[in-house]
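Here are my notes for your first look at this model. Please keep the viewer open as you read.

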Amino acid sequence: MRPTPRLPRLCLSLLLGALAVGPLAAQSPDRTPRPHQAPSNPAAPDLARPEGPKSVMPPGDARPREAPAAGSEPGAREVPFLLETVVRVEVKAAPGAETADSLGARRSGTGVLIDQSTVLTIGYLLLEADELELVAANGKRVPASVAGYDPVSGFGLVRSILPLDGQPLELGDSDAIQEMQKVLTLGHGEGLPTELLVVSRKSFAGSWEYVLDSGIFTYPPVNNWSGAALVDQGGKLVGIGSLLVNDAATDRPGIPGNLYVPVNLLKPILKDMLNTGRRAGPPQPWMGVSTEVVKGNLIVSRVTPGGPAEQAGLAAGDVIVGVGTTLVDNQSDFYRHVWKLGPAGVVVPLRVLKAGDVRDVAVKSIDRMSLLRKPQGV
């Protein structure tokens, strides 16, 4: 297979400029994990089922494209094979789940078979799962349980009660994925994969205390992203769909796309996740504070009810100025300075602008999983 040519960065800018939709430049990034909910009432609007790509793309671009001709890139010969590698993941959250407000009480997304009984997906689908079912490509429904969740990478693993009909997908080398490379994505229920272009490999910070060092950002955006498979030219899995974003490109604002979590982050922790439900070692400190950057200020947008930040007195509208004596004005620096202090349980000394005064606020961190209802099987 001939290698994908690398185009000059100027060509990328011209290509994206020609395809981008004008109003996008004024939009702020959409960075909240939003899985699709089970389609019991598809007409009802809700935050967990956004209209994303329909409003940010030219009509028709979000639909699966025709399979590439034989011998073209990437992996045209793998298309029939790929259809047997993904399943639908259906989740019902536990009654009173803390994550139901942001993620929905019923969620659905895609999972990728990595062996006949194990499915890899995006972890937020599985938080506080009370009931979980997998739907294979042939329509067969199989009960399942959560096998593992890793808040650091964002991956989740599901274990089916019975072996699944389908073809497991081999993990590829996500570090080899470069800008301007063509890849394929496939979500549950789709008849064909969609061809995408990798427009950047950059870091990403999420408001829910999450940082990804080298995410895979693709264009055009697709609407069936939660847990979707990202496949390289050799037909190997290189990423799992996480988000719809409005800033996919590095050097041009307002370009819509999707973020995929690289599978190389899974390889060193896979064995531990299958054995114990989580990565080895002490958990990261978690405070339960969501933030947004507004005009160079790190604003508290939400605190988790009953979480450490709320107990310490933080509230929406407060401005986080620093961690100890270190000033912070963006999410990446904020989270990294907190994580350097030690594992879950460490006291985080924050400097906070509150009601016009800068105050010292001590937040005693916890393990994120200790506050959530424990998923099945973990």
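Leaving aside its neighbours within four places in sequence, which residues is Leu237 in contact with? Point 2 has the list.

1. **What you are looking at.** This is a predicted model, in which local features need pLDDT of at least 70 and side-chain atom pairs count only at pLDDT 80 or more, while totals for chains, interfaces and linings use all residues. Residues are numbered from 1 along each chain as its sequence is written, and side-chain values use heavy atoms, with hydrogens and water left out.

2. **Leu237.** Beyond four places in sequence, Leu237 is in contact (heavy atoms within 4.5 Å) with Val112, Leu120, Leu169, Glu170, Leu171, Gly172, Ala229, Leu230 and Val263. Leu237 also stands opposite Val231, in strand β11. Strands here are DSSP runs of E with at least two residues; helices are runs of H or I with at least four; both are numbered from the N terminus.

3. **The cores.** A nonpolar core is a set of buried Ala, Val, Leu, Ile, Met, Phe, Trp, Tyr and Cys residues joined through side-chain atoms within 4.5 Å. Buried means under 20% relative accessible area, with a 1.4 Å probe and protein chains only. The largest core has 58 residues. Leu237 is among those with the most contacts inside it, along with Val119, Leu126, Leu132 and Leu134. A second, separate core has 22 residues, including Val211 and Val346.

4. **The barrel.** Six strands form a closed barrel, in the order β7-β8-β9-β12-β11-β10, with antiparallel pairing. From one strand to the next, the twist averages 45°. Two strands pair if DSSP finds at least two bridges between them. Strands β10 (residues 229-231) and β11 (residues 237-245) share three bridges.

5. **Strand β8.** Look at residues 194-206: 11 of the 13 are buried. On one side, β8 pairs with β7 (residues 182-186) over four bridges. There, Leu184 has Glu195 as its bridge partner. Eight bridges join β8 to β9 (residues 210-219). Phe204 stands opposite Leu212 in β9. Three residues lie between β8 and β9 in their hairpin, where Glu209 takes a positive phi near 65°.

6. **Where to be careful.** The chain averages a pLDDT (the predictor's confidence in each residue, from 0 to 100) of 82, and 78% of the residues score at least 70. Residues 1-32 stay under 50. Residues 36-77 are also below 50. Where pLDDT is low, the predicted coordinates should not be read in detail.

Technical notes: Buried < 20%, exposed > 50% of the residue type's maximum accessible area, 1.4 Å probe, protein only. Axes fitted to C-alpha atoms, helices over the stretch in contact; angles between N-to-C directions.
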